[in-house]
Amino acid sequence: MKLPGRDALRGRAAAPEPAPQGAKYASSPLLAAKTPIWRSRFLVLGVGLTFGLLIGRAVYIQVVNQDFFQQQGESRYQRTFALQASRGRITDRTGQVLAASVPAQSIWVIPKDFNASPAERQTLAKLLGMAPADLNNRLKENPNFVWLRRLVDDSVAAQIKALALKGVHQQREYRREYPEGEAAAHVVGFTNVEQRGQEGIELAFQKDLDGRNGSRSVVRDRLGNVIEDIGERVEPADGHDIALSIDARVQFVAYQQVRDAVIRHKAKAGSAVVLDTQTGEVLALANYPSYTPGDRLTRTGANLRNRALTDTFEPGSTMKPFITALAMQSGRVNPSTIIQTAPGSITITGSTIRDSHPHGALTVQQVLQKSSNVGTVKMAMQMQPREMWDLYHAVGFGQKPPLVFPGLASGKLRAYKTWRPIEQATMSYGYGLSTSLFQLARAYSVFARDGDLVPVSLVRQPGPVAGEPVFRPEVVREVRTMLQMAAGEGGTAPKAQAVGYSVGGKTGTARKQDGGRYASNKYRAWFVGMAPVQAPRIVVAVMVDEPDNGTYYGGEVAAPVFSQVVQQTLRVMGVPPDLEIKPQIIARAQAAKAEQESF
């Protein structure tokens with residue numbers, strides 16, 4: 001047998017092998033069709049763009065907006081708690097607490113972790129004092145943190161804790177407490193839930209009372225439990241205490257007497273101010289109606305008004321002692337100078353001014369004792385308008401009192417160049433200008449301090465202070481004698497007499513303006529005075545707004561309040577009586593009996 005040659009074998013190896021019988025490439029259009037080049041490029045481009053977007057997103061997260069995503073991540077396991085500083089206390093002059101911060105629990109929740117049955121939700125809502133629907137809406141506000149109720153009572157906090165609801169937590173904060181309640185509300189003021197002052201001393205001394213909060217950063221597990229502290233703990237710094245000039249005992253007496261007078265005379269409101277004449281300290285500043293500082297429901301507009309400082313009015317006859325003193329200071333009159341007030345009226349540029357009763361010829365002493373408008377006007381019209389304006393300005397009218405307190409009123413005192421003769425006349429007995437009760441009380445300190453105006457303060461002072469001279473001491477002593485006569489028998493305010501103490505002062509009764517005109521049936525009644533007369537330790541000013549129970553005169557409405565406040569304040573201060581008590585009591589009993597018999 002002949003073997004094939006090498007060439008034959010090489011040629012046979014080079015020949016293509018036949019295709020398998022089952023593969024028919026030409027019959028498959030997908031495999032037979034040629035893929036366009038743009039499709040390949042598009043696919044590569046798409047893959048490249050996808051990777052580019054992923055890289056860009058990674059750069060954005062890791063580099064560009066790293067802080068945001070870091071915070072979001074940390075918020076899942078890390079939380080920084082504020083360690084609230086305790087707000088400073090407010091005390092009276094004896095150290096009695098008027099405002100203090102006490103610990104209280106606040107309830108908060110992590111809504112995404114919250115898990116409770118319908119019955120538990122209803123119980124929680126009831127404890128929080130809200131409707132179940134309100135609770136559900138609150139849970140939708142933020143998935144990570146929501147306050148449910150701030151500063152709840154201890155009993156409520158204990159009941160909520162006993163529910164052991166997942167996602168519900170408690171945090172200790174501070175709630176402001178006011179032991180004296182509505183009696184000292186207008187002095188102390190109040191704070192909001194964040195412990196920031198909103199009214200009164202709380203607002204005026206916000207920077208001093210407010211402490212510096214600390215902080216604590218912790219790591220929590222998924223249930224909100226603290227695992228460990230991280231970073232450095234910053235301890236809180238408590239606020240400073242403020243010692244006021246107020247005496248809580250005097251404050252309560254003043255508030256009680258004003259409240260009773262307003263109720264008794266069916267009045268709209270009332271106020272009282274008590275000043276220490278030696279130091280200028282405010283011992284009491286009371287208003288009625290009032291409010292409870294810790295109760296939002298009582299903090300309405302009318303109750304919030306600190307009327308002694310913010311309300312201004314025409315002071316009426318309480319201005320007459322200033323005109324009398326100025327007339328004597330200038331040498332125009334002396335206490336025994338005779339002034340003819342008959343026939344009980346005087347006409348100035350076509351306008352007639354009348355006395356409540358005709359008196360005829362009166363000495364200057366009697367003009368003040370009887371509160372004669374005509375006699376006062378005759379003294380005032382001998383003066384230049386600027387003399388009166390300078391005096392009124394010197395004793396503080398028309399300007400805010402030098403007191404650190406919000407909402408102080410300046411009153412109204414027009415420039416003397418604009419005064420017409422009739423306006424000068426009416427301003428001599430308190431019409432045509434306006435003042436607050438506090439301004440009036442301070443102005444009367446010139447008669448209690450031998451002629452100098454005392455600087456006032458709501459913060460306790462270390463001792464007596466110097467004032468600004470206004471009148472000569474001998475003039476003021478004469479005026480004090482006249483004020484004692486005005487507050488005694490034969491004067492306009494015998495009901496101002498205080499058991500055991502000599503008093504002097506002046507009544508005021510003025511019509512209120514209503515719609516630009518003087519109302520025929522709306523009055524303000526007040527009394528301003530001092531005690532003891534020979535060496536006054538206090539000035540007390542009382543105002544009752546719109547008394548409506550048959551009488552509206554200052555001697556009937558405000559003077560009895562003055563009497564009670566003087567008696568109790570001087571006893572608290574330890575001032576010895578300067579009058580025999582027994583004869584006074586007998587005299588007052590006889591006067592009361594005579595008054596009853598007259599009815």
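Ser371 sits in the loop that runs between helix H15 (364–370) and helix H16 (373–380); helices here are DSSP runs of H or I with at least four residues, strands are E runs of at least two, and both are numbered from the N terminus. The phi of Ser371 is near 55°, a positive value for a residue other than glycine. With a relative accessible area of 14%, Ser371 counts as buried (buried is under 20% relative accessible area, exposed is over 50%, and partly exposed is in between, with a 1.4 Å probe and protein chains only). All this comes from a predicted model, in which local features need pLDDT of at least 70 and side-chain atom pairs count only at pLDDT 80 or more, while totals for chains, interfaces and linings use all residues. Residues are numbered from 1 along each chain as its sequence is written, and side-chain values use heavy atoms, with hydrogens and water left out.

Ala164 is another non-glycine residue with a positive phi, of about 55°. Ala164 is found in the loop between helix H7 (154–163) and S5, and at 66% relative accessibility it counts as exposed.

On to strand S5 itself, which spans residues 168–177 and holds Arg175. The Arg175 side chain gets to 3.4 Å from the backbone oxygen of Leu151, a polar contact (a pair of N or O atoms within 3.5 Å; within protein, one must be able to donate a hydrogen and the other to accept it, and residues adjacent in sequence count only if both atoms are side-chain atoms). Not counting residues up to four places away in sequence, Arg175 touches Ala100, Ser101, Val102, Ala104, Leu151, Val152, Asp153 and Gln195, where contact means heavy atoms within 4.5 Å.

Next comes a hairpin. Strand S9 (residues 269–276) runs antiparallel to S10, and the two pair over six bridges; for strands to pair, DSSP has to find at least two bridges between them. Five residues lie between S9 and S10 in this hairpin, and Gly280 in the turn has a positive phi of about 75°. Leu275 stands opposite Val282 in S10. In a regular strand, side chains alternate between the two faces of the sheet. Strand S10 (residues 282–288) has six of its seven residues buried, so the rest of the structure largely encloses it.

The C-alpha atoms of Phe438 and Val282 are 9.7 Å apart, with 156 residues separating the two along the chain. Phe438 has 0% relative accessibility and so counts as buried.

The bond from Tyr288 to Pro289 is cis, with omega near 5°, and Pro289 lies in the loop between S10 and helix H12 (301–304). The bond from Ala342 to Pro343 is cis as well, again with omega near 5°; Pro343 is in the loop between strand S11 (338–340) and strand S12 (345–348).

As for helix H3 (residues 37–64), Val47 lies in it and, at 42% relative accessibility, counts as partly exposed.
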